[in-house]
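The sequence and structure are shown first.

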Amino acid sequence: MTTTSPGTLVPATALPTWRVAWADRENDRRRRAHHAELEAWRHRADELTRQRIEAATFLGCTEPRTGLPVELDPYELVFRIIPTAELVEVVARHVPGLPQPALSVGPHNPSSRTLPRGLRVADTGVAIVT
């Protein structure tokens, strides 16, 4: 039973069929959108949890020490090798509109983006975090 005006009850079957069909379609659309957003959120949470666990338990790597573009001291541990790193310089004293730093998960192509005005790539290559 639904109410159309104060104190008047109308059976639910009295609603126009187009309205019921629209409500069903709208509910399905919203449910699908919600599930898609929830799945993306869960995927992101799982990836960040995995990275947190990896970071907390990783004690560094002593091998391989050959084939790196830098000489390491005997006591140095390699924590990360980033094959496509960019060194970015600010060429102006004040650069308005710089992008906010953001966490990125997964591989990305640095050459597919354009830098804001006032920034330039000074060098590219392999970065080794020790």
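Predicted model: local features only at pLDDT ≥ 70, side-chain atom pairs only at ≥ 80, totals over all residues.

## Secondary structure and contacts

The chain contains one helix and four strands. Along the sequence these elements are arranged in the pattern β-β-α-β-β. Helix 1 covers residues 17-57, and strand 3 covers residues 80-90.

Contacts were also classified by separation in sequence. Of those between residues at least 6 apart, 64% join residues at least 24 apart.

## A nonpolar surface patch

F58, F79, I82 and V129 make a nonpolar surface patch of about 310 Å². One of these residues, I82, belongs to strand 3. The relative accessible area of I82 is 33%, so this residue is classed as partly exposed.

## Salt bridges around E26

The count of salt bridges comes to six. One of them pairs R29 with E26, whose side chains meet at 2.6 Å, N to O. Both residues are in helix 1; because R29 and E26 are three residues apart there, about one helical turn separates them.

The two partners fall into separate accessibility classes. E26 has 14% relative accessibility and therefore counts as buried, the limit for that class being under 20%. R29, at 42% relative accessibility, counts as partly exposed. The side chain of E26 also makes a polar contact with the side chain of R30, at 2.9 Å.

## Salt bridges around R50

R50 takes part in a salt bridge with E47, with the closest N and O atoms 2.6 Å apart. As R50 and E47 are three residues apart in helix 1, their separation is about one helical turn. R50 is partly exposed, with a relative accessible area of 41%, whereas E47 counts as buried at 18% relative accessibility.

The side chain of R50 also meets that of E54 in a salt bridge, at 2.7 Å, N to O. R50 and E54 both lie in helix 1, four residues apart, or about one turn of the helix. E54 counts as partly exposed, because its relative accessibility is 43%. A further grouping elsewhere in the chain is the network of E26, R29 and R30, which are joined by salt bridges that share partners.

Which residue forms a salt bridge with E47? The partner is R50, and the closest N and O atoms of the pair are 2.6 Å apart.

Is E26 buried or exposed? E26 is buried, because its relative accessibility is 14%.

Which residues make the nonpolar surface patch of about 310 Å²? The patch is made by F58, F79, I82 and V129.

How values were computed: Residues numbered from 1 in each chain as written. Heavy atoms only, no water. Helix = DSSP H or I, 4+ residues; strand = E, 2+ residues; numbered from the N terminus. Contact = heavy atoms within 4.5 Å. Buried < 20%, exposed > 50% of the residue type's maximum accessible area, 1.4 Å probe, protein only. Polar contact = N/O pair within 3.5 Å; in protein donor to acceptor, adjacent residues only side chain to side chain. Patch = residues over 30% accessible without salt bridge, like charges linked within 9 Å, V, L, I, M, F, W, Y side chains within 5 Å. Areas by Shrake-Rupley, 256 points an atom, 1.4 Å probe, with all protein chains shown as cover. Salt bridge = Lys/Arg side-chain N within 4 Å of Asp/Glu carboxyl O.
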